[in-house]
Number of protein chains: 2
Amino acid sequence: MKLITRDTDYALRAVCFIVKNKKTVSVPELVRELNIPRPFLRKILQVLSRKGIVRSFKGKGGGFTLGLPPEKIYLLDLLRIFQGPLKLNECTLNKKRCPKISNCPLSKKLSGIEKQVLRELKPITIASLIKGMA
Amino acid sequence: MKLITRDTDYALRAVCFIVKNKKTVSVPELVRELNIPRPFLRKILQVLSRKGIVRSFKGKGGGFTLGLPPEKIYLLDLLRIFQGPLKLNECTLNKKRCPKISNCPLSKKLSGIEKQVLRELKPITIASLIKGMA
DNA sequence: GACAAATGATACTATTGTGGTATCATTATG
DNA sequence: CATAATGATACCACAATAGTATCATTTGTC
Ligand code: FES
Ligand code: FES
């Protein structure tokens, strides 16, 4: 089971690379650097652009720059954009038959774990990841 | 993203029910009680049987009993049986291009999270879950 | 203005994992 | 021997993930 899917991961790499370049970065450059399949990367960047994580510039010489400072781009943001909300704990039973979540011991444990995971993910920003690479 | 898939969950419920019955429990009984699709449940129980979690008795009047005391059946066992090893942290890059895992800051963070999750999962047994339901 | 080089929008396809079904063989009890 | 159970195994359906393809639009350069 993966915590982070491919699109999230690619988004992360792309954003990191954009941070390190002061100029706008185009898809061809990113492809060259990260070798991610080009159309897939394009799709990902378009999403990031819509969400304001990056800013896009069309036309010749165009490309992408950051839309936010790297200290304000959280891994959790990317994760939620591409993977939806982090819910480790969804009851497989429909609500009718579920002996009330609040009472279910497994559910309690899983919620606890989910909280822990969130607590650890929360502080991770692009900035912190890049610093870690030094 | 689910931490626990349906088969693991069904297995868990089935095992819990078996614990509470001193006699052998047959698939029809389990279906009645848990309403899990019968052939699916059968498949799950066969796996549990092969793994020694439950013991099976063939023939008329047959069914399943526990193969281990409930304090020795770990949620993690079931999880691993049905979902493979818990690895939250698998690099999307192939080994060639991965800038060595030990150096990758994301990988480090995710490993940390994985360890935490394992630490929380480890102590959970069938016995502890049942006690929690009291 | 025409062309080239970039992104925007959107629809489609392929692969894989999950959640099941179906069938036939085997074993035990009455 | 009939019946009621499990064993083994192969198959199928659906959803999520991963990736492709196409056309429209914008912008810089000659
Ligand atoms: S049975 Fe619904 S949360 Fe446990
Ligand atoms: S790039 Fe391979 S573990 Fe981070």
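B:D9 is found in helix α1 of chain B, where helices (H or I, at least four residues) and strands (E, at least two) are DSSP runs numbered from the N terminus. The model is predicted, so local features need pLDDT of at least 70 and side-chain atom pairs count only at pLDDT 80 or more, while totals for chains, interfaces and linings use all residues. Residues are numbered from 1 along each chain as its sequence is written, chains are lettered from A and ligands numbered from 1 in the order in which they are written, and side-chain values use heavy atoms, with hydrogens and water left out.

**Surroundings of B:D9**

At 6% relative accessibility, B:D9 counts as buried; buried means under 20% relative accessible area, exposed over 50%, and partly exposed in between (1.4 Å probe, protein chains only). The side chains of B:D9 and B:R13 are joined by a polar contact of 2.4 Å. A polar contact is a pair of N or O atoms within 3.5 Å; within protein, one must be able to donate a hydrogen and the other to accept it, and residues adjacent in sequence count only if both atoms are side-chain atoms. Not counting residues up to four places away in sequence, B:D9 touches A:T92, A:L106 and B:I4, contact being heavy atoms within 4.5 Å.

B:R13 can also be placed relative to B:E33: the two are 20 residues apart in sequence and 10.0 Å apart in space, C-alpha to C-alpha. B:E33 belongs to helix α2 (residues 27-34) of chain B and is partly exposed, with a relative accessible area of 44%.

**Interface of chains A and B**

In total, 33 residues of chain B are in contact with 34 residues of chain A. The size of an interface is often given as the accessible area lost when the parts come together. Between chain B and chain A the buried area (accessible area, 1.4 Å probe, that two parts lose on being put together, summed over both) is about 3300 Å², and carbon and sulfur atoms give 64% of it. Seven residue pairs are in polar contact between chain B and chain A, both residues at pLDDT 80 or more. On the side of chain B that touches chain A, α1 (6-20), α5 (105-121) and α6 (126-133) of chain B each supply at least two residues. The largest share of that side, 10 residues, comes from α5(B).

Helix α5 of chain B also holds B:Q116, which counts as buried at 16% relative accessibility. Leaving aside neighbours within four places in sequence, B:Q116 is in contact with A:Q116 and A:E120.

**Aromatic pairs**

Rings of Phe, Tyr and Trp (its six-membered ring) pair if their centres lie within 6.5 Å; planes under 30 degrees apart count as stacked, over 60 as edge-to-face and the rest as tilted. Over all chains the count comes to two aromatic pairs.

| Pair | Type | Centre to centre | Angle between planes |
|---|---|---|---|
| A:Y10 and A:F40 | edge-to-face | 5.7 Å | 80 degrees |
| B:Y10 and B:F40 | edge-to-face | 5.8 Å | 80 degrees |

B:Y10 lies in helix α1 of chain B and B:F40 in helix α3 (residues 38-50) of chain B, so this pair ties together parts that are 30 residues apart in sequence. B:Y10 is buried at a relative accessible area of 7%, and B:F40 is partly exposed at 29%. In chain A, A:Y10 is buried, with a relative accessible area of 8%, whereas A:F40 is partly exposed, with 29%.
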